[in-house]
2 protein chains.
Amino acid sequence: MKLEEAKQQFINSWGAFGTQWGINRTMAQIHALLLISTAPITQDDIMEQLTISRGNVNMNIRDLIGWGLVERVIVSGERKEYFTADKNIWKVATQIIKERKKRELDPMLKLLGQLENIDDKKEEGAKEFLTVVSDIKKLGGQADSLLDIMIKAEENKFISGVLKIFK
Amino acid sequence: MKLEEAKQQFINSWGAFGTQWGINRTMAQIHALLLISTAPITQDDIMEQLTISRGNVNMNIRDLIGWGLVERVIVSGERKEYFTADKNIWKVATQIIKERKKRELDPMLKLLGQLENIDDKKEEGAKEFLTVVSDIKKLGGQADSLLDIMIKAEENKFISGVLKIFK
DNA sequence: ATTAATTTTCATTATTTACTGAAAGTTCAA
DNA sequence: TTGAACTTTCAGTAAATAATGAAAATTAAT
């Protein structure tokens, strides 16, 4: 396979995987493009490479910045803004975990806590309902702790540490 | 909060969380409904509870069965099919992990392996590209091992084991 | 074998989500 | 302080995804 072909394949497939995870296809593609770009690139570069509109690039870049995955770069002597993505994959992963935890896991745990406060806990079926809710909450809480550890740990320590114990 | 209200809230919110994770809203709602149903229920029950069409229920139920999250139940003396979901949340989680691993992680690792086979590895920019690809592949492989351990482990062993080491 | 009950399929329709492009806004050099 | 370069917004449109409902297929009781 040619390098250019491989790069294109990477971008496209990354977009496809993204959609499966509830991430906008274009956003995933832009991130992929930035991951394999050796130097910072502009909105126009992205428009051209992915053949998408200026507005689309702009909105998704801002989203990516909001996720902490992309940064603006100022190139001295240049008027245009440049963008770059962290190439350290462990950092990318922990950043995504951190954000999803905040955006999704935390709200979910909050909701489950509220659902535990039902008026009449003796009512028909209340026990079963509360069991399911508290079990999910418990598992969610444990996932939360585990992910916190991952976020704080260094890659090597975390993975090798876990694998060691269970082997 | 009233029990019925809490149940409704649970179903709706579960649907909303589902969409964030790339899961069809209705499918998540049906799963939620089955999780908090004390006895097996029929397609008609689901249609009524969620006010959705027969075709919709049927397709999503089949999907859920495909994910290994829902089972058909035969009630003796009844013509209709009944459905039920495993209430053991750890089992639900490992089942979902198992399926997503198979459907998403495995294909991704396969793709990345292919992308490493580019013709001219001396070409301008090839080194950087290959580094990103192999880093992702490495992280993916480690995630794969970790998830395998989770799938095999008992809930208590896994969580407490991991937390213990890193505390 | 017939037929009534039930499940499944899938073309059509509706809803949701994403994208475009032009206009408005901002920045900065002269 | 003007205007060219560049960025941002967002109403309108397109594309993707999900839901409907009626017809076809299947099942099982008589």
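Is Lys127(B) buried or exposed? With 11 C-beta neighbours inside 10 Å, Lys127(B) counts as exposed; a residue is called buried if 20 or more other C-beta atoms, placed from the backbone, lie within 10 Å of its own, exposed if 12 or fewer, and partly exposed in between.

## The model

This is a predicted model, in which local features need pLDDT of at least 70 and side-chain atom pairs count only at pLDDT 80 or more, while totals for chains, interfaces and linings use all residues. Residues are numbered from 1 along each chain as its sequence is written, and chains are lettered from A and ligands numbered from 1 in the order in which they are written.

## Two copies and their axis

Helices (H or I, at least four residues) and strands (E, at least two) are DSSP runs, numbered from the N terminus.

The same surface serves both copies, as 100% of the contact residues of chain A recur in chain B.

## Nonpolar cores

The largest nonpolar core has 28 residues, of which Phe10(A), Ala32(A), Leu33(A), Leu34(A), Ile36(A) and Val133(B) touch the most other members. A nonpolar core is a set of buried Ala, Val, Leu, Ile, Met, Phe, Trp, Tyr and Cys residues joined through C-beta atoms within 7 Å. At least two residues of this core come from each of α1, α2, α4, β2 (81-85) and α5 of chain A, and from each of α5 (89-115) and α6 (126-152) of chain B. With 7 residues, α2(A) gives the most to this core. Apart from it lies another core, of 27 residues, including Phe129(A), Ile30(B), Ala32(B) and Val57(B).

Leaving out residues up to four places away in sequence, Ile36(A) touches Lys7(A) and Phe10(A), and also Phe129(B) and Val132(B).

In α2(B), 9 of the 11 residues are buried, so the helix is mostly covered. Its buried residues pack against α6 of chain A and, within chain B, against α1 (3-20), α3 (43-50), α4, β1 (70-73) and β2 (82-85).

The 27 residues of α6(B) should span 39 Å at 1.5 Å a residue, and the end C-alpha atoms are 39 Å apart, which agrees; the expected span is 1.5 Å times one less than the number of residues. Buried residues in α6(B) are Phe129(B), Val132(B), Val133(B), Ile136(B) and Met150(B). They pack against α1, α2 and α5 of chain A together with α5 and α7 (155-166) of chain B. Lys127(B) also has its place in this helix, and its C-alpha atom is separated by 26 Å from that of Glu104(B), 23 residues apart along the chain.

## Surfaces near the DNA strands

Around DNA strand C there are 17 residues, and Thr26(A), Ser53(A), Gly55(A), Gly55(B) and Glu81(B) come nearest; a residue is near a strand if its C-beta atom, placed from the backbone, lies within 6 Å of it. With 4 residues, α4(B) gives the most to this surface near DNA strand C.

Around DNA strand D there are 18 residues, with Gly55(A), Thr26(B), Ser53(B), Gly55(B) and Asn56(B) nearest. Here the largest share, 4 residues, comes from α4(A). The surface near DNA strand D divides into 2 nonpolar, 9 polar and 7 charged residues.

Key
Contact = placed C-beta atoms within 7 Å. Nonpolar A, V, L, I, M, F, W, Y, C, P; charged D, E, K, R; others polar.
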